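Welcome! Here is a short tour for anyone meeting this structure for the first time.

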Amino acid sequence: PRGWRIRRLRYLGGCANGISKDGAAFGRGNPFVSYGDVYKNCAIPTQVTGLVESSESEQILYSVKRGDVFFTRTSETIDELGTAATCLATISKATFAGFLIRFRPNDDSLIPEFSKYCFRSPTLARYFRRTSGIVKRASLSQNLLKNLPVCIPPSDEQREIVAYLDAEGADRLARVTSESE
């Protein structure tokens with residue numbers, strides 16, 4: 001459509017893998033965004049249930065801020081690869097799992113509420129299935145993710161799309177879209 005542009009993800013922001021910790025570090029400490037928080041939700045819960053012991057420098061390096069988009073990096077099947085959830089509110093002192101890739105936009109060209117729908121679409125899942133290689137386990141590299149083409153409508157149209165999708169219910173639309181594949 002007129003006014004929309006297509007840009008590779010690499011030109012919209014940066015990617016980072018999450019924190020890797022020994023099992024003994026979990027269950028206490030600071031908020032931790034897990035694989036399940038991303039896989040089960042379009043938006044990262046503001047009250048994540050996971051906890052991990054993390055240093056101040058780890059909290060800076062692996063921070064969780066409004067607008068960040070998290071993608072599942074590994075999976076038993078290719079169908080679960082690249083599942084995304086968007087952070088709609090900064091979570092203080094939080095870090096995120098090593099089985100995730102964080103995309104952090106450079107600017108406000110993508111409204112977080114729009115990202116919530118954009119990066120969770122069935123079209124994106126088809127892109128990862130088509131371009132990913134599987135050996136024993138599906139794996140998403142930052143390089144592949146950075147090559148993802150992203151359609152970016154003007155901000156006012158992003159807001160209109162979000163209002164429509166919120167009103168229609170994203171779950172119903174996702175079912176209808178997957179049934180038409």
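## The buried side of α4

In helix α4, the residues Leu-124, Tyr-127 and Phe-128 are buried, meaning under 20% relative accessible area, where over 50% is exposed and anything in between partly exposed (1.4 Å probe, protein chains only). Helices (H or I, at least four residues) and strands (E, at least two) are DSSP runs, numbered from the N terminus. These three residues cover an arc of only 95° around the axis, which puts them on the same side of α4; the arc is that of the directions from the helix axis to the C-beta atoms. An α-helix has 3.6 residues a turn, so residues three or four places apart point the same way. The cover over the buried residues of α4 includes β5, α5 (142–146) and β11 (149–152), with contact taken as heavy atoms within 4.5 Å.

This is a predicted model, in which local features need pLDDT of at least 70 and side-chain atom pairs count only at pLDDT 80 or more, while totals for chains, interfaces and linings use all residues. Residues are numbered from 1 along each chain as its sequence is written, and side-chain values use heavy atoms, with hydrogens and water left out.

## An open sheet

Now to the strands. Four of them form an open sheet in the order β2-β9-β5-β7, with antiparallel pairing; two strands pair if DSSP finds at least two bridges between them. β2 (13–17) and β7 (84–86) stand at the edges with a single partner strand each, so one side of each has no neighbour in the sheet.

Between β5 and β7 there are three bridges, in the antiparallel sense. Phe-70 stands opposite Ala-85 in β7.

## Aromatic pairs

The structure holds six aromatic pairs. Rings of Phe, Tyr and Trp (its six-membered ring) pair if their centres lie within 6.5 Å; planes under 30 degrees apart count as stacked, over 60 as edge-to-face and the rest as tilted. For Phe-71 and Phe-119, the centres are 5.7 Å apart and the planes at 80°, so this pair is edge-to-face. The pair links distant parts of the chain, 48 residues apart: Phe-71 is in strand β5 (residues 69–72) and Phe-119 in the loop between α3 and α4 (122–131). Both Phe-71 and Phe-119 are buried.

Elsewhere, ring pairs join Tyr-62, Phe-70 and Phe-96 into a cluster.

Which residue of helix α6 (residues 155–168) shall we visit? Val-162 is found there, and it counts as buried because its relative accessibility is 9%. Leaving aside neighbours within four places in sequence, Val-162 is in contact with Glu-113, Phe-114 and Tyr-117.

Lys-116 lies in helix α3 (residues 112–118). At 15% relative accessibility, Lys-116 also counts as buried.
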